Amino acid sequence: MNTYRTLLHTEWLKLKHYMVFKLIAIFFGIGVIATNYIVYSFNKNVVGNMQGANMIGSFSPYNFDKTWQTTSYATGWLLMLPAMLIIILITNEFTYRTMRQHIIDGWSRLDAVRVKLAMVFIFAAVSTLLVILTALGFGLASGTSFSFEGFAHVGFFFLKALTYNLIAAFIAVWIRRTGFAIGLFFIYMGAENIISQLMDVWSMQLRSSDNIDLGTLGDYLPMSASDGLLTFPANPLKTMASSVMPTYNPWVIGAFALAYVLLFLWLIRRNVLTKDL
């Protein structure tokens, strides 16, 4: 069995001159900063000037007590980019028979799945590091005192990034064709979002008409579970809306999110170890 260092070095040799990898990495990095600047600018120039600004104008999402949560939430909308990159990289292994050649050259199937899962974790970790640096920059620019309040949301972001990457990796090892796999990923993401919204409406109806509070049921789906943990900071408008929403149960949602991570880890491992390469 090869060491992780050997496996990752081999993967890096494939990546470092791969133009698609460079382009998606650049787009993601720029996108993180741009997205958060848009949120910052919108809150400052639009929300702050709205009628009723006396109520919400003091809300500053990038003050240090909120920057970790805001940056994590805003960046979460871009996680389809590293997930798409993972699909491309893994499906290329099947298209060009690279994984099969590695096994012919002495890798085990376990080596093959270990290195792909390691890349999934590394992509999630690098995305999280970028969130930390961006949140730190916006927090310093706010002129407020340094604080780690809300830093747990950075961990929620890592969980969301990991979930998206694992779902992408599972689709990639299952479909094994780049175009079909990317298409299925986005179709699934859209379909789950619609189903999640319908389940949330049902949750609200159960609470209002039958006095049954099961939480936000839409947050119990694979992608939505990690999405549900990553929320926008509390503000007056959000507080008013919460009066008609079911109870928010982060521990329950977190348990579902972790269970899905373990499920997809098992599914990916089982697929690579048992199916024809």
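Does S127 count as buried or exposed, and at what relative accessibility? At 5% relative accessibility, S127 counts as buried (under 20% relative accessible area with a 1.4 Å probe, protein chains only; exposed means over 50%, partly exposed in between).

A quick word on the source: this is a predicted model, where local features need pLDDT of at least 70 and side-chain atom pairs count only at pLDDT 80 or more, while totals for chains, interfaces and linings use all residues. Numbering runs from 1 along each chain as its sequence is written, and side-chain values use heavy atoms, with hydrogens and water left out.

S127 sits in helix α7 (helices are DSSP runs of H or I, at least four residues, numbered from the N terminus). Here is what lies around S127, with contact meaning heavy atoms within 4.5 Å and a polar contact being an N or O pair within 3.5 Å, one able to donate a hydrogen and the other to accept it; residues adjacent in sequence count only if both atoms are side-chain atoms.

| Residue | Partners | Kind |
|---|---|---|
| S127 | F28, P82, F157 | touches, not counting residues up to four places away in sequence |

Now for the core. The largest nonpolar core has 57 residues, and L166 and F185 touch the most other members (such a core joins buried Ala, Val, Leu, Ile, Met, Phe, Trp, Tyr and Cys through side-chain atoms within 4.5 Å). Helix α8 (152–175) gives the most, 13 residues. Leaving aside neighbours within four places in sequence, F185 is in contact with residues including M80, I87, Y164 and M223.

How values were computed
Helix = DSSP H or I, 4+ residues; strand = E, 2+ residues; numbered from the N terminus.
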